[in-house]
Amino acid sequence: MKKITVIGIGPGSRGDMTEAAIGALRKCDAVVGYNVYLPFVRDLLRPDVIEAGSGMKQEKARVEKAFELAMEDKNVCVVSSGDAGIYGMAPLVLEMQRNIGADIEVEILPGISAFQKAASLLGAPVGHDFCVISLSDLMTPWQVIERRIKAAAEADFVTAVYNPRSVGRYWQLHRLKELFLESRSPSTPVGYVRQAGRDGEQRVLTTLEKFDPCDVDMFTVVIIGNSMSYEWNELFITPRGYYRGEDSDGAVGKGQAIMMESFRTIERELSNQNISIDRKWALLHAIHTTADFDMENILTVDDDALGKIYDSLTSGGVRTIVTDVTMAASGIRKGALARLGIEVKCYLNEPGIAEYAAAHGITRTQAAIRRAVDEHPDALFVFGNAPTALMELCTLIRKHKACPCGIVAAPVGFVHVCESKHMVKPFVEIPKIIVEGRKGGSNLAATLTNAILCRPDAELLRPGRDV
């Protein structure tokens with residue numbers, strides 16, 4: 001018959017093998033393969049079938065044996081795990097056929113690859129453009145592999161990693177992680193599956209930052225997400241974009257997608273990555289609004305400030321944000337306020353404020369803060385313009401008339417601005433976000449408030465859900 005059929009037998013379970021592969025094995029006269037894989041198909045073979053197995057690094061010898069048997073008019077199956085064309089035996093069979101000029105029919109039957117099986121167990125991580133990289137440098141120089149890793153990371157491909165680690169190759173996966181962290185967010189989802197489709201199957205979902213290369217071996221497939229990938233309900237998902245532009249819970253609209261990409265760009269350019277998630281989340285919002293990387297030097301965030309303020313606003317009974325001026329109030333996202341049931345109040349233009357200020361010889365913003373404290377002493381107080389307003393709040397705190405759940409201190413200008421920010425620092429029991437020095441502004445104060453209102457999205461670096 002003089003035929004070789006190269007078969008991808010899938011990851012190892014019978015349910016992952018195609019009918020075409022099963023049919024070919026049942027009809028063959030001889031089967032050639034790696035000793036580890038032959039037992040997976042032995043029950044499909046006729047009793048008189050010739051088995052020619054061999055060990056690792058004997059691929060050429062196996063294919064030579066297949067051609068030898070085929071030349072004896074045998075119908076030969078060459079088995080390969082996963083898909084025969086993906087790091088499998090198909091290329092070698094065709095190359096040898098070309099080199100020896102064998103007049104033998106060669107058929108290639110596809111199979112489910114290990115990365116496809118691993119992906120299905122993790123969820124849907126390869127829902128968009130992806131690539132597959134092998135870290136085995138037995139036949140490919142490491143310099144070439146590293147160049148491909150960099151290209152995949154920079155191009156935002158979902159990346160599946162074959163041959164990630166062995167006894168001799170212990171450092172390459174660590175290097176891959178290092179290279180990906182230069183281009184990807186530390187919160188990028190990473191999933192890996194050991195013995196996919198076989199006995200002892202193990203599935204793990206983590207992040208690029210927390211991923212430990214020492215936890216995997218040669219029987220593991222690693223999948224690294226792209227900038228749009230996320231974890232939901234213990235599943236790894238890379239969206240194709242069907243929900244883009246729609247207001248659907250968990251969906252990513254066009255505006256949010258742009259904001260997410262901007263945040264990842266900013267994150268890559270931060271001079272210091274080793275900062276708390278609260279500080280990073282506030283910092284990314286601040287730089288996104290101002291395009292000013294000096295924020296790294298002047299933005300101060302108390303320990304767990306965003307988390308503490310968010311908890312107060314959502315479960316602590318506080319439902320009010322007070323701003324010094326209307327411009328700061330207008331920049332706080334209405335969608336977030338509605339979602340959380342929070343109101344924003346600015347008393348600057350309330351009836352009687354101007355008259356009260358004139359009668360007491362203070363600024364209108366001071367008078368507005370006094371009124372605000374009378375009605376909402378425990379509110380989140382946000383300052384983006386008026387240092388006198390912030391100074392007034394400090395005085396009222398010292399008099400035990402105000403007990404804010406948090407303070408965003410970002411007044412801007414040249415008179416009393418720095419002093420007002422210094423005045424708020426001693427209140428260590430109040431969580432604070434402070435823009436040091438002269439810089440600040442209503443837009444900056446508003447974006448820092450928005451960072452608080454979307455604090456649960458910080459870990460996955462998914463800003464802009466209310467855009």
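Two strands count as paired if DSSP finds at least two bridges between them. I noted that rule before opening this entry on strands.

**Ground rules.** I'm working with a predicted model, where local features need pLDDT of at least 70, side-chain atom pairs count only at pLDDT 80 or more, and totals for chains, interfaces and linings use all residues. Residues are numbered from 1 along each chain as its sequence is written, and side-chain values use heavy atoms, with hydrogens and water left out. Helices (H or I, at least four residues) and strands (E, at least two) are DSSP runs, numbered from the N terminus.

**The β6-β13-β12 sheet.** I looked up an open sheet of 3 strands, in the order β6-β13-β12, with mixed pairing. Which strands stand at its edges? They are β6 (123-124) and β12 (230-232); each has a single partner strand, so one side of each is left without a neighbour in the sheet. I then checked β6 against β13 (residues 235-237) and found a parallel pairing over 2 bridges. Ala124 stands opposite Ile237 of β13. A reminder to myself: strands of a sheet pair through backbone hydrogen bonds, either parallel or antiparallel.

**Strand β2.** Next I went to β2 (residues 30-34). Is this strand buried or exposed? I call a residue buried under 20% relative accessible area, exposed over 50%, and partly exposed in between (1.4 Å probe, protein chains only). In β2, 5 of the 5 residues are buried, so the strand is largely enclosed by the rest of the structure. β2 runs parallel to β3 (residues 50-54), joined by 5 bridges, and Ala30 sits opposite Ile50 there. β2 also pairs with β4 in the parallel sense, over 3 bridges, with Val31 opposite Cys77.

**Aromatic rings.** I paired rings of Phe, Tyr and Trp (its six-membered ring) if their centres lie within 6.5 Å; planes under 30 degrees apart are stacked, over 60 edge-to-face, and the rest tilted. That rule gives 8 aromatic pairs. For Trp142 and Trp171 I found centres 5.1 Å apart and planes at 70°, so this pair is edge-to-face. It links distant parts of the chain: Trp142 is in helix α6 (residues 142-154) and Trp171 in the loop between β8 (158-162) and α7 (172-181), 29 residues apart. Trp142 is buried at 13% relative accessibility, while Trp171 is partly exposed at 35%.

Then I turned to Tyr192 and Phe211, a tilted pair with 5.6 Å centre to centre and 55° between the planes. Tyr192 lies in strand β9 (residues 189-194) and Phe211 in the loop between β10 (202-207) and β11 (220-224), so the pair ties together parts 19 residues apart in sequence. Tyr192 is buried at 9% relative accessibility, and Phe211 is buried at 3%. I also jotted down one aromatic cluster made of Tyr87, Phe115, Phe130 and Tyr162.

**A charge over a ring.** Which residue lies over the face of Tyr230? It's Arg462, at 4.4 Å from the ring centre. The test is NZ of Lys or CZ of Arg within 6 Å of the ring centre and within 35 degrees of the ring normal.

**Positive phi.** I flagged Asp73, a residue other than glycine with phi near 70°. Asp73 is in the loop between α3 (59-71) and β4 (75-80) and is partly exposed at 46% relative accessible area. Asn233 isn't a glycine either, yet has a positive phi of about 55°. I found Asn233 in the loop between β12 and β13, exposed at 56% relative accessibility.
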